[in-house]
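Me: I have a model open and want to go through it bit by bit. Can you take some questions?

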Amino acid sequence: MKFRVLTSIIAALLLAVAASANATEPADTTVAGSVVHAEGSGVQEGDTVVKRNFIQKVIHYFAVSNRAPSGRKFDMSIIGGPHYSSDTKFGLGLVAAGFYRSNPADTLSQPSNVSLYGDIATTGFYMLGVRGDHIFTNDRFRIDYNLYFYSFPRYFWGIGYDRGMDMANKSKFKELYVDASVDMLWRALPHFYIGPAVEFGYVNARQQERPELWNGQARHIATYGAGFRLQYDTRDNFTAPNRGWLLQLEQRFCPKFLQNRYAFSYTDFRACFYRNLWNGSVMALRYHGRLAYGNVPWNMMSMFGGSSVMRGYYDGRFRDKGEMDLTLELRQHVWHRNGLVLWVGAGTVFPKISNIQFRKILPNAGIGYRWEFKKLTNVRLDFGIGKGEKSFIFSINEAF
């Protein structure tokens, strides 16, 4: 398995480098008096069409995938291939990323974006989802949405920092999860947005090795929530920011009268700052905190890990009512469409703010590779290290 993963990673990197090397070629080039058309499945030289083989077609597709669309209303590209992460192990993923404008005449607002993503892995994990940001004319109204489901044979340690630190608690179960959230934001002031938000979640835990770790809570839980979002956003773009601020407060209520078995609420706050330090570099800083209160079910506890910002920890190993994390990341463009990332961070979980202890702060650090799949869309390959564990992540777009 390790050999297959290593060869897949090397192949993916070689393909990206090959595409980067060809990315500077113009679409149409004149060679010895003959016109060479780089677009299409073949290369025409005079009256002779030279057909590309499969590898050449793939390299050419990626070589031109980040070029600005020529008059197309919807610019969509597809990338897929093998990957490896510590959570799901060896898998095959597919992502279709697209940009468009609700009003083609509005060239000053940021473009809308949408991503369709699917994944299947050797652990039995599979996922399918869609997420995006729809921007209306002059950016007066935004819709932020994310809908996905997955089935995942995974691990559970229980609730709380101490249980997460005890590796003897690591136990298997199979999780089916469905999540849908929609936030609708109106621009109230320059860069300031406010609006309602709704969400639905469903979880079903099966084949639990140690059901006592769930503290008697139900295996299958449906959650219905409503609330609002406040947002101050000066970022130059959503998917690969180079400068600006994002200050965001989300409040969700999941009361009994919405047919929730467990009545609770949570508050989520994040502050992100982006700045160019020197040519080709971006410093990115993020603080995040989430506080849940009431009768919080196990699946709606605050947590971190996986492909999120605190890369290096198993997703959901540490979960409790409260969570806070801080991450500093340096992103550096290196050559053509290739870049590198270094980050350091720390985070912790706790039942309430008064229980935060310095000895329970968990460190995080790592290094990543970036390849510009499309303009403003990077494929990322991250290796994160946490306290007593590490993880390898293949994903799309920046972690924050």
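Me: How many bridges pair strand 19 and strand 20, and in which sense?
Reply: Ten bridges, in the antiparallel sense; strand 20 covers residues 362–374. Keep in mind that this is a predicted model.

Me: Which residue in strand 20 is the bridge partner of Ala346?
Reply: Pro363 is the partner of Ala346.

Me: And how many bridges join strand 18 to strand 19?
Reply: There are 13 bridges between strand 18 (residues 322–335) and strand 19 (residues 338–350). These two strands run antiparallel. Within that pairing, Arg331 has Val341 in strand 19 as its bridge partner.

Me: What about the hairpin of strand 18 and strand 19, how many residues sit between the strands?
Reply: Two residues. In this hairpin His336 takes a positive phi, near 50°.

Me: What share of the contacts join residues at least 24 apart?
Reply: 55%, counted among contacts between residues at least 6 apart in sequence.

Me: Now the inside. Which residues have the most contacts in the largest nonpolar core?
Reply: Phe156, Trp214 and Trp298, in a core of 25 residues. The elements giving two or more residues to this core are strand 9 (141–156), strand 10 (171–189), strand 11 (192–206) and strand 14 (264–275). Strand 9 supplies the largest share, three residues.

Me: Which residues make the nonpolar surface patch of about 480 Å²?
Reply: Leu92, Ile120, Tyr126, Leu128 and Phe149 make that patch.

Me: Where is Tyr126 found?
Reply: Tyr126 is in strand 8, which spans residues 126–135.

Me: Why does Tyr126 count as partly exposed?
Reply: Because its relative accessibility is 40%, and partly exposed lies between the cut-offs of under 20% for buried and over 50% for exposed.

Key
Residues numbered from 1 in each chain as written. Predicted model: local features only at pLDDT ≥ 70, side-chain atom pairs only at ≥ 80, totals over all residues. Heavy atoms only, no water. Pairing = 2+ DSSP bridges. Helix = DSSP H or I, 4+ residues; strand = E, 2+ residues; numbered from the N terminus. Patch = residues over 30% accessible without salt bridge, like charges linked within 9 Å, V, L, I, M, F, W, Y side chains within 5 Å. Areas by Shrake-Rupley, 256 points an atom, 1.4 Å probe, with all protein chains shown as cover. Salt bridge = Lys/Arg side-chain N within 4 Å of Asp/Glu carboxyl O. Buried < 20%, exposed > 50% of the residue type's maximum accessible area, 1.4 Å probe, protein only. Contact = heavy atoms within 4.5 Å. Core = buried A, V, L, I, M, F, W, Y, C linked by side-chain atoms within 4.5 Å.
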